[in-house]
Amino acid sequence: MDSILKVEDLNINIVSDRGIAKITDNLNFKLKKGETLGIVGESGSGKSVTSKAIMGLLEIPGNNISGHIYFKGKDLLNMTEKELNRIRGNEISMIFQEPMTALNPVITIGHQLIETILLHQNVNKKKAKKIAIETLELINIPIPEKRLKQYPHELSGGMRQRILIAIALSCNPDLLIADEPTTALDVTIQAQILDIIKNLKEKLSMSIIIISHDLGVISEIADKVIVMYTGNIVEYGTMDEVFENPKHPYTQGLIASMPSLESGQKELSTIEGVVPSNYNLPTGCKFHTRCPFKKGICEEKNPALLDIENRRVKCWKYSKEWDKYDDNKFKAKQTSK
């Protein structure tokens, strides 16, 4: 199966009065046709910025973004805005965060949906309306003709999220990016939205990237998962492998912090500390300030993304240097400073 998307050495920096913030650090991953890739991590890990880079929506000067994003073999980072507009919304679509604010409140649902179709498809208004109704039917929205005449404020949060999915699907994209598609929705509606996305994947044979801070959401739908921390991929493998046997201490912490009725736990586990600022990242492994297993080597050197048991893990624990490293010497050196 060929890769529809291939990201190579993606580096994104933001320059401001505060200095240079490193948002992503040499990201490398692939997405196959018909596959669902989950990207998970805390706020500030670089998830949403990565998705916007794929969509060509980052307002960052060219010298602060480097690497390659190949879509169907063509590098999106080398395209002009005109070339991107032919792909964006047509071959690659995105469901944005916050259904409460993503829709224009003073324009009808029908106008927003039909406008998208007219912009990207060579059809007249009558045909665009027909496509709009068929798309709403596809995601199980009742009485679609009535919905087209309504305004966003007349719909519930779950219904508005379905409308955003309909807009993203209206041009039958090859790649759908869902950025926190269940944020601000109750758990029942969350489950419905995830079921819709899963069913659409099967019906339309789309490739999907789903982004979330919630590993539970990702586990419901993804074939593979990337765990991100401070712009780095720290673990990358199949959903089953990562969820059932996490290797990286950060992934282990995320899974341990998930509530479970079966475990009988009285208190939720937490990951100590906070995510460091992108403007002031620690040396060595970026997670060492919060890691319960850290050694001196974690502070001194940044680990590589290693191939471990059919997945990739960015952690010194799985390297040959780990057992050889003399942590007592490091501690003595730190004490003498």
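Predicted model: local features only at pLDDT ≥ 70, side-chain atom pairs only at ≥ 80, totals over all residues.
Me: Before we start, buried means under 20% relative accessible area, exposed over 50% and partly exposed in between (1.4 Å probe, protein chains only). Which residues of α4 are buried?

Reply: Residues are numbered from 1 along each chain as its sequence is written, and side-chain values use heavy atoms, leaving out hydrogens and water. Helices (H or I, at least four residues) and strands (E, at least two) are DSSP runs, numbered from the N terminus. The buried residues of α4 are I109, G110, Q112, L113, I114, T116, I117 and H120.

Me: Why is helix α11 largely enclosed by the rest of the structure?

Reply: Among its buried residues are P249, Y250 and L254. Its cover includes α9 (215-219) and β9 (224-229). Helix α11 (residues 249-256) is largely enclosed because six of its eight residues are buried.

Me: How many disulfides does a search of the whole structure find?

Reply: A disulfide is a pair of cysteine sulfur atoms within 2.5 Å. The sulfur of C285 has its closest cysteine sulfur in C298, 6.0 Å away, so it is too far for a bond. C285 is buried at 13% relative accessibility, and C298 is buried at 8%. The number of disulfides found in the whole structure is zero.

Methods: Contact = heavy atoms within 4.5 Å.
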